[in-house]
Amino acid sequence: VKERALHQESELALAHRTLLEHTSQISIPLHEQVEDYVVQLQQQLADAEEAKEEAFTAIGEVEAARVETEQKGEVLNDWMKTIKRMHKLAAFSKRKLTKAYAVSKAQGAGG
């Protein structure tokens, strides 16, 4: 039993030494993998921030276009109102001129 315990202790000591010897070989690549992953995450974050800025810019451009379109719509509406008033004025003037011409013609025929 004692011999077996000494053998197990010797194997544990060997395993411990082996682990200590290879820890740097294991931890360095792992550390490099973690650093690479952090760099990838930072790049993804930068890309996401850039995409967010582009989206905000696009939203701003769409809003500006909407406001411009709304303003043009108001201008067109004002023009339509003006055209309708001018049409009414032209119709009124035409009726007045037609009536005046008829009166003038009647006075000329009768006089």
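Arg-66 and Glu-63 both lie in helix H1, 3 residues apart, which is about one turn of the helix. Helices here (H or I, at least four residues) and strands (E, at least two) are DSSP runs, numbered from the N terminus. The model is predicted: local features need pLDDT of at least 70, side-chain atom pairs count only at pLDDT 80 or more, and totals for chains, interfaces and linings use all residues. Residues are numbered from 1 along each chain as its sequence is written, and side-chain values use heavy atoms, with hydrogens and water left out.

Arg-66 and Glu-63 form a salt bridge, with the closest N and O atoms 2.6 Å apart. A salt bridge is a side-chain nitrogen of Lys or Arg within 4 Å of a carboxyl oxygen of Asp or Glu. Arg-66 also forms a salt bridge with Glu-70. In that pair, the closest N and O atoms are 2.9 Å apart. Arg-66 and Glu-70 are 4 residues apart in helix H1, so about one helical turn separates them. Through shared partners, salt bridges join Glu-63, Arg-66 and Glu-70 into one network.

Relative accessibility is 42% for Arg-66. Glu-63 is partly exposed, at 37%. Glu-70 is partly exposed too, at 45%. On this scale, buried means under 20% relative accessible area, exposed means over 50%, and partly exposed lies in between (1.4 Å probe, protein chains only).

The structure holds 4 salt bridges. Another of them links Glu-49 with Lys-52, where the closest N and O atoms are 3.6 Å apart. Both residues lie in helix H1 (residues 2–110). They are 3 residues apart, about one turn of the helix. Glu-49 is partly exposed, with a relative accessible area of 39%. Lys-52 is also partly exposed, at 38%.

What does the chain as a whole look like? The protein chain has 1 helix and 0 strands. Its radius of gyration is 47 Å, well over the 13 Å that the globule rule gives for 111 residues, so the chain is more spread out than a compact globule. The radius is taken over C-alpha atoms, and the globule rule is 2.2 Å times the number of residues to the power 0.38. Along its principal axes, the C-alpha trace spans about 155 × 25 × 10 Å. Leu-20 and Gln-42 give a local distance: they are 22 residues apart in sequence and 33 Å apart in space, C-alpha to C-alpha. Leu-20 is found in helix H1. Leu-20 is exposed, with a relative accessible area of 54%.

Buried residues make up 0% of the 111 residues in the protein chain. The accessible surface comes to about 10500 Å². Carbon and sulfur atoms account for 63% of that surface. Accessible areas come from the Shrake-Rupley method with a 1.4 Å probe; for residues, only the protein chains shown count as cover.

A nonpolar surface patch of about 510 Å² is made by Val-75, Leu-76, Trp-79, Met-80 and Ile-83. Patches are made of residues with over 30% relative accessible area and no salt bridge; like charges are joined within 9 Å, and nonpolar side chains (Val, Leu, Ile, Met, Phe, Trp, Tyr) within 5 Å. Leu-76, one of the patch residues, lies in helix H1. Leu-76 is partly exposed, at 48% relative accessibility.
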